[in-house]
Amino acid sequence: MATSLLATDGYKFSMAEAGWPLRQETFYYSHRKGGLQVMPLDLAAYVKALLPDPKPEDYEFLARYDYEMGVGFKAAILRKERLTVRAIPRGALFFPREPILTVTGPSALVSWVEPLLLQLNYRVQVATQALADRDALARALATVTCEEQKAIALETLDAVGVKPVPITVDSEGYLRRVRATVQELIDIVEDPARIFEVGLRAATCMEHHELALRACKEVGVQRTSNVEGARKLGMIPVGTMGHEHVQRYGSDDAAFRAMRERRPGRSSYLLDTFDTLTSGIPAAFQLIREDPSAQDSIRFDSGNKKLQYLYAVTRARDVGIRPVNILEDGLDAQATREFEDLRRQVGWEPSAQFYGYGGHIVARTMDCPLTRDRVAAIYKLSSTGRTPVMKFGNELAEGKQSIPGTPVLFRRRHGSGPIGLVGQEGEPAPEGYFPLMDSTAEAPSLVGAQESATDARIGYTQATKELVDELTRRHFPKGR
């Protein structure tokens, strides 16, 4: 069955219009944590099966909600033959922080696939748990949210040669928990219009996310990042900017101006791609000062958000502006209460502060513990045109710094050193290593692998180190 063009996040469309939709780019997929894991499927075939089949009515719906798409996007999304997928083979074992998949092609197309591709983490976790501990697998899959989630689990078990375990679908129970969770958030902020849902990437499948959206709508939340879900359920699609947009432009100022000057309506400026306090906030505030009537917003997304918030409010008053504050990334009920208390303390109007929730609504309400957060699955832009790029984030201790260039993965065959080395495309394999992405598929297994997992270290080749150092010096000439 063809994938709908709308089965992605709203900000993918706005970023394409404010960027270069036909430019060749590379993204990579990785898990930041979760220990030793196994790949249960052919990744190249999996990615290509996700690609969209656009219809005229899709573009009509987008235009209705201020996501009218230009000729560049429409051409890029059809250029599937220009897509190159390089990945570890079926059956391969991998470790946290290893780039196990790269997707190269027209910017709009390789960006579009992110939310659906991130749902791959569920299949990987099912496969790994199945091969490691059948009893733990049975507990994890005892109750799932929907028939599609169950079908994916059974398909994955078949792929790794493990007999099925009993799985019960309890959609009504899941709906009750989501409704209760969202109602608690509404009670805290006192207005459902101040909440929007951004959990497509936290779902295990589209049916799972649609259930969560139904529950959101039933208690009054009307806005979601899932454009297809919005169309199906009569909700409003939302989203402006992700880290990839800022990476493309190489500076917060250039990226923010591109969004402001290439799309009508309000813009939301994502602050933390390089550094929230020294780069993101100053660039956003300069634009807001130039046109306060635009009612643009700033989005806090990582690091010490309370510190950032207090700094932003204080600085905004100093320069005479009143930006709309948007808070996301890991929010739950307690964090919402704390930010509402802060809002009252600083005298910020309720109508100028909004909250976006993903995993708290969609994943934490599941009985199944195999969530995206458990492995921290990511899909990051690493190269735009001929330029390698990185996301730095606010605090290196968070481990959210991404890999630049066109990464490849080398696995140690013998000798000493890190078990995995992150290199660059075209770089020869170092002594004692072989290119894992060029290996042949094998039957998925964890037998004999635990010893190598106890002291697994992942390193960078010299070529990757030089790229990281160069980009760090470029963005932080005075150091961090």
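# Close-up views of a predicted model

View 1. In S19, Arg-411 has Phe-434 as its bridge partner. This is a predicted model. S17 and S19 pair in the antiparallel sense, over three bridges. S17 also pairs with strand S18 (residues 420-424), again antiparallel, over five bridges. Within that pairing, Val-408 stands opposite Gly-423 in S18. Strand S17 covers residues 407-412 and is mostly covered itself, with five of its six residues buried.

**View 2. Pro-435 in strand S19.** Pro-435 belongs to S19, which comprises residues 433-435. Its relative accessible area is 28%, so Pro-435 counts as partly exposed. Leaving aside residues up to four places away in sequence, Pro-435 touches Leu-409, Phe-410 and Ala-429. Leu-421 is 14 residues from Pro-435 in sequence. In space the two are 9.4 Å apart, C-alpha to C-alpha.

**View 3. The five-stranded open sheet.** The strand order is S3-S5-S1-S15-S16, and the pairing is antiparallel. Strand S3 (84-87) and strand S16 (387-388) stand at the edges. Each has a single partner strand, so one side of each is left without a neighbour in the sheet. S1 and S15 are joined in the antiparallel sense over seven bridges.

**View 4. A stacked ring pair, Phe-27 and Tyr-379.** The model has 12 aromatic pairs. In this one, the ring centres of Phe-27 and Tyr-379 are 4.9 Å apart and the planes meet at 10 degrees, so the pair is stacked. The cut-off for stacking is under 30 degrees between planes. Phe-27 sits in strand S1 (residues 24-31), and Tyr-379 sits in strand S15 (residues 377-384). The pair therefore ties together parts that are 352 residues apart in sequence. Both Phe-27 and Tyr-379 are buried.

**View 5. An edge-to-face ring pair, Tyr-309 and Phe-339.** These two rings form an aromatic pair with 5.8 Å from centre to centre. Their planes are at 70 degrees, and the pair is edge-to-face. Tyr-309 is in helix H16 (residues 305-319), while Phe-339 is in helix H17 (residues 333-346). The pair links distant parts of the chain, 30 residues apart. How accessible are the two residues, Tyr-309 and Phe-339? Tyr-309 has a relative accessible area of 0% and is buried. Phe-339 is at 3% and also counts as buried.

View 6. Phe-13, Tyr-59, Tyr-67 and Phe-73 are linked into a cluster by ring pairs.

**View 7. An arginine over a tryptophan.** Arg-322 lies over the face of Trp-348. The distance to the ring centre is 3.8 Å.

View 8. H7 runs over residues 120-132, 13 residues in total. At 1.5 Å a residue, the helix should span 18 Å. Its end C-alpha atoms are 19 Å apart, which agrees. Of the 13 residues of H7, 11 are buried, so the helix is largely enclosed by the rest of the structure. Among the buried residues are Leu-120, Tyr-122, Arg-123, Val-126 and Gln-129. An α-helix has 3.6 residues a turn, so residues three or four places apart point the same way. Asn-121, Val-124, Gln-125, Ala-127, Thr-128 and Ala-130 are buried in H7 as well.

**View 9. Cysteines without disulfides.** How many disulfides does the model have? The count is zero. The sulfur of Cys-216 has its closest cysteine sulfur in Cys-146, 15 Å away, which is too far for a bond. A disulfide would need the two sulfur atoms within 2.5 Å. Cys-216 is buried, with a relative accessible area of 0%. Cys-368 is in no disulfide either. Its nearest cysteine sulfur is that of Cys-146, at 11 Å. Cys-368 is buried, at a relative accessible area of 2%.

Conventions:
Residues are numbered from 1 along each chain as its sequence is written. This is a predicted model: local features need pLDDT of at least 70, side-chain atom pairs count only at pLDDT 80 or more; totals for chains, interfaces and linings use all residues. Side-chain values use heavy atoms; hydrogens and water are left out. Rings of Phe, Tyr and Trp (its six-membered ring) pair if their centres lie within 6.5 Å; planes under 30 degrees apart count as stacked, over 60 as edge-to-face and the rest as tilted. Helices (H or I, at least four residues) and strands (E, at least two) are DSSP runs, numbered from the N terminus. Buried means under 20% relative accessible area, exposed over 50%, partly exposed in between (1.4 Å probe, protein chains only). A charge sits over a ring if NZ of Lys or CZ of Arg is within 6 Å of the ring centre and within 35 degrees of the ring normal. Two strands pair if DSSP finds at least two bridges between them. The expected span of a helix is 1.5 Å times one less than its number of residues. Contact means heavy atoms within 4.5 Å.
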